[in-house]
Every structure is written in structure tokens, then in C-alpha cells.
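Student: Could we go through this model together and test each label against the rule behind it?

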Amino acid sequence: MSSTTVEVNGTESDTLPLTLHALRSDFPDNDGESPATVPVPVLNSSLVNGESVQTPASFTTDESIVTTKCSSPKISVPGEVLERSTSPNSPRLSSPTALIDATSDYQQSPENKPLPSSPISSPVTSERGNAGRSKSERLTQNGIRRSPRLRGETTADRRKLKRIMSCEEEVTVQQGNDSCKKIKLTASSNKKQSKQKGVSFFVGEPVTEHEAQERWGWRYELKGKIRKGRSWVLNAGGEDEVHVNVVCHYLQADVNGCIFNLGDCAHIKGEGKQQHVGRIVEFFKTSDDKSYFRVQWFFRAEDTVMKTAAALHDKNRLFFSTLMNDNLLECIVSKVKVIEKAPMLGFQSTSIQPSEYYCDMEYSVKYSTFRSLVTATDSLVARCDLTTPSSLDTNNMTIATAPLEISGCQLYKTELALLDLYAGCGGMSTGLCLGAKLSGVKLVTRWAIDYHKSACDSLKLNHPETEVRHITAEDFLALLKEWEKLCKTYLLDDPDKIIETSCDGENESRINGSSLLETDVAPGEYEVSSLVDICYGDPSRTGQHGLKFKVRWKGYDPSDDTWEPIEALSDCQGHIQDFVRSGYKSKILPCPGDADVICGGPPCQGISGYNRFRNTDDPLNDERNQQIIVFFDIVKFLNPKYVLMENVADILRFDKASLGRYALSRLVHMNYQARLGIMAAGSYGLPQFRLRVFLWGAHPNEKLPQFPLPTHEVIVRYFPPAEFEQNTVAYDEGQPRKLQEAIVLRDAISDLPAVTSHETREEMTYDMPPETEFQKYIRLTKDELTGSVPKGVTDWKSSVLTDHRPYKLSEDDFHRLCHVPRKKGANFRDFPGIIVRADNTVHRDPAKEVLLPSGRPLIPDYVFTFEKGKSKRPFARVWWDENVPTVVTFPNLHSQAAVHPEQDRVLTLREYARLQGFPDHYRFCGNVKERYCQVGNAVAVSVSKTLGYALGMAFRKLSGDEALMTLPSDFAFRAPSLDDFSTPL
Ligand SMILES: C[S@@+](CC[C@H](N)C(=O)[O-])C[C@H]1O[C@@H](n2cnc3c(N)ncnc32)[C@H](O)[C@@H]1O
């Protein structure tokens with residue numbers, strides 16, 4: 001029996017496995033990510049049907065074991081080998097292949113043939129080896145094997161299948177040409193009796209053996225492989241039983257007097273009065289004289305991951321799925337019509353009869369993907385007629401495509417305009433643009449908004465080309481709507497009809513207070529020179545909220561500009577027209593259709609892990625979470641080609657993930673394709689873990705972007721919400737991969753000059769050349785990073801290093817910190833006068849009280865109560881060979897490991913910025929606290945860079961249909977070279 005833990009903060013981690021969630025929510029400033037120990041089951045190998053598989057040998061959440069140090073803390077990908085206990089009562093075991101248990105009949109066939117069910121439900125996609133297994137397959141609850149056949153499914157899917165498969169009754173059926181026989185329907189192990197009775201039988205002769213073999217050969221092949229004495233039912237009792245004792249196939253069946261053909265869609269019995277919709281893909285009889293059909297299911301909106309968040313969706317809308325299984329013929333209820341619709345934004349189902357269904361998207365539980373059905377001509381019937389379920393695999397595989405190297409990385413002609421909402425200092429958009437460029441697409445952040453002034457200043461400083469607005473998102477939406485109206489009014493709905501005459505303003509541009517004068521300028525009157533800006537809100541804090549123009553007054557400086565409500569400018573039509581005309585031309589604001597891409601991280605303060613007062617029961621009704629609604633309202637209004645939303649993992653955790661489901665539901669409701677993934681920043685070449693949720697949206701006719709697979713090993717620190725574990729962007733167990741070693745602190749910051757806790761310089765020079773690939777990359781200038789000048793032209797000695805200053809500690813804390821030894825794992829527990837008891841709690845040794853120069857005690861009182869005295873984080877040093885816990889908005893040395901390994905100070909702004917992947921040329925505005933906040937809030941640039949690449953590849957239609965893609969080699973530290981852009985496409 002053995003178990004181990006992942007290192008946290010490079011020390012033996014704080015041992016709080018039993019209070020993981022409570023800890024997160026109670027802990028300020030830790031971004032919901034309290035470092036916690038993660039029990040790692042040890043995997044034993046054994047042979048199953050000649051295959052080497054691993055089974056969990058042991059698992060425990062016993063504290064004493066949990067605190068054992070990990071001998072090998074580097075784990076390939078989050079959730080991959082490491083598994084964890086999500087709660088003390090339900091330890092989750094990990095075993096990638098243990099789920100194909102030795103007793104199961106449902107094994108990979110020796111010839112490596114794919115097995116007969118959809119990729120979602122097939123137990124082993126053997127052509128891909130282990131690659132097809134999702135993360136969820138590796139999790140078992142309380143050590144009980146979860147059916148590998150449902151590895152991609154949500155609980156709802158499983159429940160749905162259970163319902164679907166629960167028709168079991170004694171009925172008299174006529175079996176084809178056979179005489180009537182009394183048989184027991186055993187569509188599932190659910191023994192619930194169905195009250196419905198009917199007469200169902202196959203019609204006509206069985207199809208010839210030759211044709212049956214040709215069309216459904218996989219079933220006959222499987223039959224041949226069943227060893228003597230074994231069950232004919234694969235996954236017996238499971239939700240997707242496959243019956244292999246097939247005797248013959250039919251083309252038609254009569255169910256209650258109605259003839260059904262292959263390809264027909266039908267209502268199929270569910271639980272109670274519920275009926276589900278599926279398409280019949282096979283009719284077959286088994287050796288025990290039972291009649292079955294195989295069904296390919298359609299999902300209703302509420303049966304998908306959207307669940308209750310889909311309540312407002314059209315009830316006639318179905319989602320195609322490749323999920324299939326075998327059912328008794330008697331489960332068919334009636335024929336239904338399912339119309340395939342070409343994907344269309346804003347489609348209204350008025351042309352659909354109430355009795356009909358329509359389907360314009362495919363749903364796959366893998367990465368919660370909603371995708372357009374490929375083309376209108378690619379008919380569903382054709383798809384459903386596929387004779388082997390495995391041939392549907394290509395639609396749903398989540399394995400990566402081969403890395404696509406763009407030869408010469410030629411720049412695509414089109415420029416894509418990006419709007420960054422809740423932009424902060426611009427981490428997300430900066431990375432997106434860098435990554436898109438590596439795919440050959442010029443993505444430009446044209447507009448950005450944030451309600452923090454210092455964040456806006458930072459963004460503008462680094463992106464002078466961007467229209468940055470200091471405004472709330474809700475006011476921005478109001479402004480966009482007003483702007484559209486203005487454009488319609490003053491451009492007469494037609495940009496070509498721009499009025500050329502300019503108003504001289506002589507008689508119409510004077511304001512005295514709010515009253516307009518039409519005569520000569522009188523004393524106390526001011527003449528409008530021009531309108532220079534527009535906003536919605538109350539920037540001058542007059543108490544009046546609304547549309548305002550910034551007025552430049554004749555004879556006055558820009559510093560005398562004032563915001564005036566549009567109502568006060570009704571006599572300044574010429575000026576308004578001039579402003580709207582030039583603003584429209586230069587696109588000071590996007591009109592619907594102008595923004596190709598919208599990205600943003602709407603804050604969800606009401607659910608954030610450190611918010612104790614969150615409304616966990618109904619977070620959408622929490623005012624602090626309204627921004628997610630505003631975000632999608634802006635998307636709806638502007639109608640971009642692509643959407644990328646980022647958020648903390650908690651949106652998939654609280655209130656049964658209602659916020660995450662809401663986000664998906666909004667996109668799908670607008671007919672956007674959607675895909676949700678959870679990415680760990682450390683997997684993309686950063687020395688911090690940082691798990692974040694990303695949601696792609698794409699116009700129905702665009703290619704839905706993929707999620708980029710990790711490039712680096714990462715040290716796992718915590719796990720995504722269990723239900724969404726399968727959304728974690730990671731290689732599947734056994735899938736071939738080339739991962740680079742995890743980046744550690746030394747790789748990232750060892751070249752930075754030493755500074756003290758009292759450092760106040762904003763600029764300094766480097767004192768040594770870069771030592772690592774990371775450092776070489778992060779020091780590239782903006783021109784080098786964007787490929788405008790060749791790399792390496794800048795001499796490091798002449799480069800300026802900015803923001804390399806730490807938050808200044810109080811004198812007491814500084815003195816305390818000086819007592820922490822400069823060694824791995826050091827923290828306040830190394831102070832003299834601390835007693836550590838066997839239960840890991842700390843206590844004061846009254847005999848050894850040390851006082852600071854201020855007279856206060858060296859050991860502050862709170863360390864004895866913080867996390868019940870068990871924490872090791874106060875005054876903890878991070879060490880060179882570690883990654884740090886998620887960078888948060890303030891380096892609070894009382895509660896986080898934020899202290900430099902060998903200098904008596906917290907990590908500097910620049911060091912934090914590097915941990916987030918910001919290049920050294922990126923500067924930050926505001927006071928030190930504001931700057932830390934911007935850095936900590938940002939999407940790690942290295943992560944958004946990978947997503948920008950995925951976006952560019954999708955835009956160029958160079959990516960596959962799979963959910964995941966492989967990045968080019970060395971992507972993390974790759975910048976375009978000049979040659980890359982020499983020949984435009
Ligand atoms: C998580 S940060 C976004 C970070 C950004 N995406 C990046 O990568 O740098 C959220 C931002 O939303 C801003 N914010 C919060 N509420 C807002 C609102 N109602 N309107 C506009 N901005 C808001 C905050 O100032 C903060 O900068």
C-alpha cells in the first residue's frame with residue numbers, strides 16, 4: 001500500500017485534503033485555488049486479455065499518507081496519471097485502463113478493429129490504442145468501476161440512456177416469419193415494467209447474408225469472437241448493451257401497424273411518459289428470437305450539458321449525436337419527422353410544424369461540443385446510413401491532428417478585428433494576436449474596454465493601436481446601441497451616402513450651461529469647436545447617466561474639454577454628423593458585424609473561490625455575476641464570427657455549474673457552435689499551474705476552433721470539477737505525445753537582477769544575458785515577437801527592464817522574512833519559538849519568545865489560527881525547482897508562498913508578469929498594487945497565444961473537426977521570423 005502527494009510550494013504541502021473545498025472558499029486572495037495535497041494512487045500493472053493494464057493498487061485520503069512527500073512530482077498532464085479525492089467521502093481512483101476489466105466481455109478485438117458503437121459509447125477505440133479514452137474513464141467513484149462505454153457522457157446522458165433502455169415487459173410479438181412467441185424484453189438491466197404493449201415484428205425476408213455482412217459486418221465479426229460460454233451481450237446491464245448473437249438483419253419492421261424503414265426517425269419509449277427521438281440504423285434478430293433495432297440518438301437541448309440552462313430553447317430543436325445502442329423493437333413508439341436544417345444564425349423555427357423536429361447541430365459530450373452539421377447537403381440520412389458505427393468515429397474523435405506547420409507561415413490576407421471585453425491590461429488579447437500571427441492570421445485588437453482606469457492605461461500603453469475605453473460593460477453595450485442609431489441617422493443607413501458638407505457651427509454650437517443659443521456669442525457663453533469623444537454613462541459624475549459627447553470648446557485647451565449630454569447638443573447637428581462620420585470611418589466603435597472576434601473574461605465575483613458570501617444556490621441571480629449575461633448580450637448585438645470566453649474553474653463548480661451551462665446555452669441559443677475546455681497554464685510552458693475554463697463560440701459557417709494540447713509537462717496542484725474532468729485539455733492515457741519538461745521558477749526568473757524589498761526603481765538594466773529558452777523568448781522586443789524585425793538584434797545590455805520591484809513589506813514583516821532560511825520549503829515554521837505537534841498544528845513556545853525591533857513578537861498570532869494552525873504558507877519561499885501556485889492579484893506573504901527563494905522580499909511585479917507569460921517589453925500602469933492586480937487577473941499570455949493559433953487555424957479552415965489539436969514543435973517559445981511574412985497568400 002502506498003500513496004503519495006504532489007509537492008505544493010516545493011515543500012511538503014499543507015495537509016488539508018479533507019477540507020479542500022472549504023479551504024478554497026474561506027481563503028482570501030487565493031483565487032479559489034488553495035494549494036492542496038493530492039493523493040496519487042499507485043498503479044499496478046496486470047495483463048488483461050494480453051494487454052497490459054494498470055489497476056489502482058491503493059488509495060487513501062488518510063492524512064498521514066497524504067503528507068508523504070512525492071518522490072516524483074512531475075506529472076505529464078493534469079488529470080492524467082494523478083487522480084484525486086474530490087471529497088473525503090468519495091475518493092476517486094485513477095486507472096487509465098483498469099476500467100477495461102478482466103471480466104468484461106467488451107474488450108478490444110485482437111485485430112484492433114473498432115468496436116461497434118459510437119465514439120462516445122465505444123469502450124475502446126482500438127485503432128487509436130488508448131487515445132480515445134477520456135479522462136472520466138479513468139475516474140471511478142469509491143473504487144467502483146464506471147462503465148467504460150459511457151466514458152464521455154455526463155450524468156444526464158447516462159440517466160437518459162437508462163430511461164431509454166428501461167422498457168421491459170412481457171409481450172407477445174410476432175417475430176418476422178416466425179410464429180408468435182412470448183418473449184421477455186430485456187432492453188436493459190433496469191427491471192422497471194413498462195405498461196405499454198404493442199405488436200412489433202419484422203417485415204419481409206431477411207437481407208441476404210452477403211449484404212448483411214457488408215453493411216453490419218462488425219456485428220457478425222464480434223459474434224465470431226465471443227468465446228464459448230461467454231455472454232452474447234456486451235456490456236450486459238450497461239447503458240449501451242450490444243447484442244452480438246445476431247442471426248439476420250431486416251430492412252423493415254411493423255410496429256403497431258406502422259411500417260418503419262432503416263433511416264426512419266422515431267419516438268422511443270423513455271421513463272414514464274417521456275419519449276426520446278432517434279434514428280433507426282439497424283433491424284436484427286438474435287439467436288434467442290428477439291427483435292432489436294439499433295438507434296442513433298438525438299439529444300434534446302436539456303439532455304445535453306446545458307441541462308436546465310436550456311429551458312428557453314426551442315422544444316423542436318434536436319441535436320444530432322453519434323451515440324448509438326441496441327434496443328428491443330417494442331421500444332419504438334411512433335414515427336417522427338426530423339428535418340435537417342442548414343446552420344443559420346438567428347434561425348427561427350417558424351417553418352417547422354409543431355409535430356416536427358429539426359436539427360442543425362451535432363452534440364458531443366467531448367469538450368461539450370456543439371458543432372454545425374457539416375453542410376446542408378451532407379444529409380443526416382446519409383450519415384445515419386453508415387453501416388458501421390465505427391465509421392462515424394471521425395466526427396467525434398478527440399485525438400489530435402498531426403501538428404500543422406505552416407510553411408513559411410505566410411500571412412493571411414484578411415485582418416481580423418478583435419474586441420477585448422473586461423480586457424484588464426490585455427493578457428488575453430495580447431496572446432491571441434501573437435498566436436494568430438503564428439498561424440498566419442493578422443488578428444488586431446481594435447477595441448478594448450475595462451472599468452479600471454489603470455488597466456486601461458496599461459493596455460493603451462502597450463497597444464497604442466487599440467481604441468481603449470474606460471467604461472463598464474453594461475454602459476458599453478448601451479453605447480454600442482446608441483452608436484448604431486447615430487450611424488443610421490447620420491449616415492442614412494448607407495456609408496456611401498456620407499454627407500460631404502461640414503457644418504460650420506456658426507449658429508448652432510453654443511452652449512450656456514445646458515441651454516443652446518442661436519445668436520452671437522455672448523459673455524458667459526461658450527462655442528463648440530468640435531466633438532472629440534463619445535461615451536455612455538456619467539463620467540463627470542453629474543448624476544445623469546446617458547449618451548454624452550466630449551466637447552472641445554473654441555479658444556480652449558483639450559484640458560478644458562467637458563462631457564455634455566446629447567440632449568444639450570441638439571443644435572449642434574453638424575458637429576455630431578462630423579463626429580459620427582469620421583468615427584464610423586475610423587471605427588471608433590464596432591457596429592454589428594465589425595468585430596470578427598470577441599474575447600473576454602466576464603468577472604463572476606459571486607462565485608469566485610475566495611468569496612465567502614456567494615449565492616451558490618442561484619449564482620445567475622447574484623448581481624455580481626450579471627456580467628456573464630452582459631457579455632453574451634454584447635456578443636448577440638455585435639454578432640462576431642468567433643467568441644472566446646475565459647473564466648475561473650468555479651463556474652463549473654458552484655450551483656451545479658449553472659453559470660458554465662448558461663454560457664454554453666446562450667451561445668447555442670444564438671446558433672453559435674460551442675466548445676468548452678479547461679486548460680492548465682503550466683501545460684504551455686509556464687512555471688505556474690493555473691487552471692482556467694475557456695469557451696469557444698463560432699458562427700455556424702465558420703470552423704469551430706480546437707483546443708491546443710499541452711506542450712509541457714506540468715506539476716498538478718488541483719483538479720477541475722469532477723463532472724467536467726473530461727473537458728480538461730490533455731492527452732489521453734497512452735496517446736503518443738512529445739512533452740517538454742515542466743518549466744520551473746529557475747527557468748523563468750534566474751536572470752533577473754537582485755533587488756531588495758525596498759526597491760523603488762521603475763527601470764533598470766539587466767545584469768546578465770538570458771540563460772534559458774524561456775528567458776530568451778520573454779526578453780524579445782515587441783517588434784521581434786511580432787516578426788517585424790529579426791530576432792536577436794537587440795543587445796541585452798542596452799535593454800531596459802521595467803516593473804522589477806516588489807510590494808514593499810512593512811518593517812515588521814520584513815524583519816520576520818529575514819528569519820526565514822534561504823532553502824527549499826522554508827516558511828514561518830523555521831522561526832525560533834515555534835512548536836509543531838504531531839497533528840501538524842503549530843504552537844508558540846513561551847520559553848523562546850523573540851521580539852522584533854518594534855517590540856512586537858516575531859511570530860504573529862494569526863499563524864496559529866490560519867487554517868487551524870496547519871498551514872505552511874505564511875512567509876513561505878518558493879524554490880527554484882518548483883512551479884508556483886496560481887499567480888493571484890496580490891503577493892500576500894501571510895497566506896501564500898510568494899517569497900523569492902534567495903532574496904528577502906516577495907516576488908516582483910516583473911517576476912509575476914513572467915510567470916504569466918507577459919513579455920518583458922510589456923509595461924504596467926498604476927500603483928504597485930494595481931499593477932499586481934492587473935497581472936494576477938490576466939489570462940496567461942502563453943495560454944492565449946495557443947488559443948490564438950487555434951483560432952487562426954480554424955479561420956483558415958486548416959484545422960480538423962476534432963476537439964483537440966497539436967501545436968507545432970517549440971510553439972511556446974516561438975516567434976515569427978521575418979521570412980514568414982514575405983509572401984502574402
Ligand atoms: C479577469 S480580469 C480580465 C483580465 C483580462 N482578460 C486579461 O487577460 O488581462 C476582469 C476585468 O474585468 C474588469 N471588470 C469587472 N467588472 C467590469 C464591468 N462591469 N465592466 C467592465 N470591466 C469590468 C476588471 O476591472 C478586470 O480588469
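Tutor: Let us begin with strands and pairing: helices (H or I, at least four residues) and strands (E, at least two) are DSSP runs numbered from the N terminus, and two strands pair if DSSP finds at least two bridges between them. The model is a predicted one, in which local features need pLDDT of at least 70 and side-chain atom pairs count only at pLDDT 80 or more, while totals for chains, interfaces and linings use all residues. Residues are numbered from 1 along each chain as its sequence is written.

Student: How do you know that β15 and β16 pair, and which way do they run?

Tutor: Seven bridges join strand β15 (residues 275-286) to β16, and the two run antiparallel; the rule asks for at least two bridges, so they count as paired. Ile280 stands opposite Val295 in β16. The two strands form a hairpin with four residues between them, and Asp289 in the turn has a positive phi of about 70 degrees.

Student: What joins β16 to β17?

Tutor: Eight bridges join β16 to β17, again in an antiparallel arrangement, and the bridge partner of Phe298 in β17 is Phe320.

Student: Why is β16 called largely enclosed?

Tutor: A residue is buried if 20 or more other C-beta atoms lie within 10 Å of its own, exposed if 12 or fewer, and partly exposed in between, with C-beta atoms placed from the backbone. By that rule 10 of the 10 residues of β16 are buried, so the strand is largely enclosed by the rest of the structure. Both faces are covered, with Val295 and Trp297 among the buried residues on one side and Gln296 and Phe298 among those on the other.

Student: Why does Lys307 count as partly exposed, and why does Arg690 count as buried?

Tutor: Lys307, in the loop between β16 (291-300) and β17 (317-328), has 19 C-beta neighbours inside 10 Å and therefore counts as partly exposed. Arg690, in the loop between β32 (673-680) and β33 (691-698), has 28 such neighbours and therefore counts as buried. Phi is positive in each of these non-glycine residues, near 45 degrees for Lys307 and near 50 degrees for Arg690.

Student: How do you know that the span of α20 is close to expectation?

Tutor: The expected span of a helix is 1.5 Å times one less than its number of residues. Helix α20 (residues 941-955) has 15 residues and reaches 20 Å from its first C-alpha to its last, close to the 21 Å expected. The helix is also mostly covered, with 15 of its 15 residues buried.
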